[in-house]
Amino acid sequence: MSDTHAETVAYVRETMLPQAAPPVSEVGAVKWLRENLFSGVLNTILTLVGIAVVIWLAQAALPWFLHGVWKANSLPECRQIIAERWGEGAHGACWAVIRERWNQFLFGFYPSELYWRPVLALVLLFVALAPILFSQLPRKLIRGSALYPAVAYILLWGGSLWVPLMAMAGFVVGWAGAALGRRTGLPLVAPLAAVLLPILWWLFAAGPVADQLDRLFPLWVREVRSDAFGGFVLSITIGVAAISLSLPLGIVLALGRRSDMLLVKALSVGFIEFIRGVPLITLLFTASLLLNYFLPPGTNFDIILRVIIMVTLFAAAYIAEVIRGGLAALPRGQYEAADSLGLDYWKSMRLIVLPQALKISIPGIVSTFIGLFKDTTLVIFVGLLDPLKGITDAVRASIEWKGIYWEPFMFVGAIFFIFNFGMSRYSMYLEGKLKRDHR
Amino acid sequence: MATATGAPKASFRLSMLLYDTRYRSMTIQVVVLLLFMAGVAWLVDNTIRNLETLGKDFSYGFLWNRAGYDINQTLVQYSNDSTHARAMLVGLLNTLLVAFMSCAAATVLGLIIGVLRLSPNWIIGRLTTVYVEVFRNIPVLLWILVAYAIFTEVMPPPNAFRGDTPTASMILFDSVALTNRYTAVPDPLFSRSLGNIDLGLFLVSVDLLAIIVVITGSILANRAILARATRVQNATGIRPVTWWKSLAVLVLPLLLLLVALGFHVERPQLRGFNFTGGINVSNSLMALWLGLTLYTTAFIAEIVRAGIASVSHGQTEAAFALGLRPGHTMRLVILPQALRVIVPPLISQYLNITKNSSLAIAVGYMDLRGTLGGITLNQTGRELEAVLLMMLIYLAISLVISGVMNLYNNSVKLKER
Amino acid sequence: MKNTVFLGTLAAAGLVAGFASAATLDDVKARGELNCGVNTGLVGFAAPDANGNWSGFDVAICRAMAAAVLGDASKVRFVPTTGQTRFTALASGEVDILSRNTTWTFSRDADLKFTFTGVNYYDGQGFMVNKALGVTSAKELDGATICIQTGTTTELNLADFFKSNNMNYDPVPIETNAEGEQQFLAGACDAYTTDASGLAATRAAFANPDEYVILPEIISKEPLGPLVRQGDDQWADIGRWTLNALIAAEEYGVTSANIEELSKGTDNPEINRLLGAGEDNLGAMLGLEKDWAKKAIIGAGGNYGEIFAATIGESTPIGLARGLNAQWTQGGLLYSPPFR
């Protein structure tokens with residue numbers, strides 16, 4: 001055989017060839033480049049455009065960042081240093097303004113020796129939220145979280161300890177009223193007591209009692225007034241207060257919107273659509289210009305409180321829609337199961353539907369919070385010192401920092417980005433986890 | 001004899017209002033209604049008493065008084081002798097203008113970036129992701145302020161265009177000037193204009209109407225031509241060549257009309273302090289437009305990406321198996337299915353743009369809030385009336401937008417049989 | 001969760017919130033603090049320093065009021081207001097007095113229901129331009145772009161001025177003085193218009209003030225003064241006579257240096273009545289202490305002239321001349337009615 005072959009074929013290989021390396025274009029960086037960047041004409045063009053954009057951005061911004069000055073007392077001094085170091089006509093960032101005024105961007109005019117208080121309040125917020133955010137922790141911790149509002153109030157505003165304590169006592173009053181009402185065995189007494197007693201307590205008793213207690217056992221923490229609030233302390237206070245206050249209201253509105261009762265549904269829909277149809281700015285103007293018209297003559301609130309009230313109403317409409325989505329996403333069987341157990345409406349909501357619906361709503365609530373947190377910058381238009389424009393303008397009003405724009409914007413933008421990006425990643429992680437749970 | 005009685009006819013007891021499901025919802029609704037009415041009455045009563053204390057009344061009469069202030073961008077005729085109502089109309093139109101421009105631009109950009117985000121190209125994928133994350137997570141107010149600062153700080157003042165050796169020059173064949181006050185663009189004019197029709201509220205240019213009529217006619221005619229070509233194709237298998245007919249139908253009538261009207265453009269020229277002759281598009285409008293567009297684009301891109309991702313990959317493979325090219329696959333198979341996922345959140349983005357346009361206050365753009373809720377409110381001191389009216393108008397705009405978009409949504413919805 | 005922070009704050013606010021009644025004086029005394037509405041930041045008139053301490057010409061009026069009513073010039077809470085929010089803040093009772101370079105006009109007095117307690121600065125609207133523009137008169141501003149603060153009388157004046165001179169202009173509306181400065185310096189407007197005093201204050205803060213010039217035309221009358229809600233005459237009187245006390249003190253030569261000595265009694269019965277040194281107790285007629293005016297003058301940091309010199313006068317960066325704001329004896333318009 002081999003002879004025949006030898007005649008017909010010029011050359012026959014008789015040994016195995018060693019394995020050759022794959023072609024250069026199919027391995028390593030080159031392969032990656034070919035597949036990811038230059039796989040076709042369109043893709044190549046896109047890649048080139050992309051590289052051009054990156055180069056252009058780097059060219060425009062990099063020198064400016066590299067020439068940054070951290071130590072100077074004023075903008076002219078900054079410019080002088082840059083000119084000395086990098087030659088006439090060089091551009092550079094003047095980060096000195098951040099170094100000098102960072103505390104105003106974060107805390108506004110909050111007394112500097114008390115900076116630990118808002119910081120502690122923020123840390124405690126995460127501690128209080130931990131049992132809700134991370135399901136690994138024991139559920140019972142939530143009861144401890146209920147104390148957080150009073151603690152946060154004391155830390156942020158200070159003043160007499162009795163005021164928030166008495167406000168919290170309203171819940172104890174309601175709970176005690178309900179327990180006593182149940183003991184009477186009469187219908188309706190327990191729920192009515194649970195609702196009416198706390199309201200009466202807050203309206204009439206809480207103030208005087210707190211006053212009296214204060215007179216007898218004065219417990220004071222140094223008071224900080226709302227006017228001192230500014231920067232991110234203000235943003236976070238408004239955002240967190242509004243979103244947490246809007247939750248109960250949002251739940252009620254969402255239930256109302258899904259109710260069979262025509263009137264309740266109409267009112268809920270009307271409220272939600274009205275709030276969602278107008279810009280937040282008009283609601284803030286309502287807070288600053290109109291709220292005093294709508295309240296009894298002579299009542300006068302702090303502007304921050306008025307803003308929190310209006311932002312709460314605003315957030316409630318959006319939260320209601322998120323929770324409505326959660327309610328709708330719940331399998332129909334859950335409702336039917338609750339009904340078949342003979343639970344009445346409130347019990348089935350409280351024990352079966354809402355716990356599940358709220359859980360799947362958390363990512364939506366987090367997104368709403370991100371949106372709301374960004375929107376807190378609008379409070380500048382009613383004269384509050386938000387970090388973005390209010391504090392920046394205040395810094396720019398001083399003679400040393402007149403004419404500085406990009407650095408404060410970048411600093412504030414970066415902080416917003418870190419907060420919001422973190423929260424949105426968390427919400428995505430949660431979404432993934434919840435999806436698995438429901439499969 | 002068995003007497004079949006119905007349910008025992010218990011006499012009506014008061015507690016049935018609460019425990020009998022037949023009556024309970026009625027009871028609750030009555031209670032809610034009473035509470036609601038009491039709440040409204042309380043608010044109205046407070047308002048009336050407060051107004052009394054301040055010695056004010058509640059009346060919209062001020063809308064018909066002379067406004068007395070000037071506005072820098074007016075889409076309809078307005079002078080400081082016009083009424084406050086007229087100023088409100090000017091502001092409303094400015095709001096609608098910037099909202100419309102932003103919606104259009106953000107939709108186009110969002111579509112492009114959303115599609116690009118799905119691209120296998122590594123650089124493009126990263127760049128678009130960075131874009132979306134950066135713009136989504138930072139307040140829109142910052143983007144508007146940054147855009148405004150870029151326009152005022154980076155662009156040259158009109159002065160720089162003056163003199164023998166100007167430091168700045170116009171672009172696009174000397175027809176457009178980018179300054180730190182406005183962008184001056186050429187003004188289209190008609191030397192044989194047909195005049196205007198006065199609609200009472202505003203003037204409508206007959207020239208514009210004529211152009212719209214002609215373009216609509218051309219498009220309809222073109223459609224007829226294409227439909228006929230398809231019929232011929234179906235009957236004979238050969239599609240007649242139509243491109244020159246389409247071109248002629250689309251272009252010629254418009255050209256003829258423009259020549260007949262004596263169409264020409266007037267270039268902006270630097271006279272005195274400013275460019276005149278052209279149209280000056282103010283930087284406040286440009287900054288607001290740019291800021292709103294860039295911000296909302298990030299959201300729309302995400303919506304588009306999610307919409308396309310929601311169409312199962314099998315659809316693409318099936319389309320490829322049928323021999324459709326990628327472009328056709330996208331246009332005929334993927335997008336129609338993705339649209340029903342995309343449209344509802346897109347509606348809320350349009351609403352957001354409209355509402356966010358009220359941030360015009362940050363750049364001094366005279367929108368509805370700037371006129372009615374700004375200067376008018378200040379000059380007349382009618383904050384209650386002005387803010388309520390402003391809210392109602394925004395609400396009406398929102399309802400109209402969501403109404404129109406819902407109609408569209410119904411038309412793209414998957415027809416379920 | 002945290003749904004109770006609202007109730008906590010609400011309850012707290014219920015305690016803190018004042019209930020503004022007809023008698024503002026009683027409210028202020030009960031509160032132990034005067035709420036004074038001021039500008040959000042206009043150097044020389046009212047501006048906070050880096051620590052949040054307020055100073056300026058308008059601020060001195062607030063301090064004088066607090067000293068006259070409460071005996072302590074530091075018991076003032078300054079509420080920064082914008083052109084837009086100032087009147088509502090006063091009408092709603094959020095502030096007791098508004099001392100925020102506000103022009104006294106007919107409609108604000110009669111229609112918006114406020115009472116102006118006098119004039120602390122006679123001003124007029126002017127224009128500032130870049131010298132390089134070569135403009136020497138406001139009449140040459142035809143076709144110019146003009147930066148203007150909204151929510152003030154200036155935009156109406158501007159419209160009237162250009163209309164009566166048959167000229168056109170392009171308004172650039174801005175919210176605050178800081179924005180106006182930015183726009184003007186960047187060349188986004190040819191001229192910046194506001195009250196002449198404000199222009200001087202703004203120009204003084206520029207890096208190169210010499211490159212800018214304030215045009216000679218003053219196109220309006222802008223009598224700036226503090227104002228209170230209409231309907232509380234006693235409170236309006238306190239505001240009016242506190243201001244008059246500062247003006248009269250300058251006229252009679254009462255300064256922060258010699259006030260202690262003069263208040264022991266002088267030959268001039270007018271000074272004695274003013275400072276509460278004699279028999280007459282003018283303070284009681286206002287519901288105040290006998291030496292209210294003395295406290296007011298000390299609290300404000302001196303008489304009208306001293307305040308002027310310290311905050312906006314020629315030795316300060318703002319460098320305003322007294323001009324119309326000189327005493328009537330010096331050819332100015334300041335003329336306090338007699339203390340009798």
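Chain B holds 12 helices and nine strands. The model is predicted. Chain B meets chain A through 47 of its residues, which contact 46 residues of chain A. In chain C, five strands make an open sheet with mixed pairing.

**Chain B: overall form**

- The C-alpha trace of chain B spans about 105 × 75 × 50 Å along its principal axes.
- The radius of gyration of chain B is 29 Å, whereas a compact globule of 417 residues would have one near 22 Å.
- Of the 417 residues in chain B, 34% are buried.
- Take the contacts in chain B between residues at least 6 apart in sequence: 64% of them join residues at least 24 apart.

**Chain B against chain A**

- On the chain B side, 47 residues are in contact with 46 residues of chain A.
- Five helices of chain B each give two or more residues to that side: H2 (21–54), H4 (122–136), H5 (140–154), H11 (368–380) and H12 (383–412).
- H2(B) gives the most, with 12 residues.
- By residue class, the side of chain B that touches chain A has 28 nonpolar, 13 polar and six charged residues.

**Chain C: the sheet**

- The strand order in this open sheet of chain C is E10-E9-E11-E8-E12.
- Strands E10 (169–174) and E12 (212–214) of chain C are the edges, and each pairs on one side only.
- From one strand to the next, the twist averages 30 degrees.
- E9 (residues 144–149) and E11 (residues 191–195) of chain C pair in the parallel sense, over three bridges.
- C:Ile148 has C:Thr193, in E11(C), as its bridge partner.

**Chain C: helices on the sheet**

- Helix H7 (residues 177–185) of chain C packs on the sheet and touches E9, E10 and E11 of chain C.
- The direction of H7 in chain C makes about 165 degrees with that of E9(C).
- Helix H8 (residues 196–204) of chain C also packs on the sheet. H8 touches strand E8 (125–130), E11 and E12 of chain C.
- The direction of H8 in chain C makes about 125 degrees with that of E11(C).
- E11 of chain C is touched by H7 and by H8.
- The edge strands of chain C are each touched by one of these helices: E10 by H7, and E12 by H8.

Terms used:
Residues are numbered from 1 along each chain as its sequence is written. Chains are lettered from A and ligands numbered from 1 in the order in which they are written. This is a predicted model: local features need pLDDT of at least 70, side-chain atom pairs count only at pLDDT 80 or more; totals for chains, interfaces and linings use all residues. Two residues are in contact if their C-beta atoms, placed from the backbone, lie within 7 Å. Helices (H or I, at least four residues) and strands (E, at least two) are DSSP runs, numbered from the N terminus. Ala, Val, Leu, Ile, Met, Phe, Trp, Tyr, Cys and Pro count as nonpolar, Asp, Glu, Lys and Arg as charged, and the others, Gly among them, as polar. The radius of gyration is taken over C-alpha atoms; the globule rule is 2.2 Å times the number of residues to the power 0.38. A residue is buried if 20 or more other C-beta atoms lie within 10 Å of its own, exposed if 12 or fewer, and partly exposed in between; C-beta atoms are placed from the backbone. Two strands pair if DSSP finds at least two bridges between them. Axes are lines fitted to C-alpha atoms, for helices over the stretch in contact, and angles run from 0 to 180 degrees between N-to-C directions.
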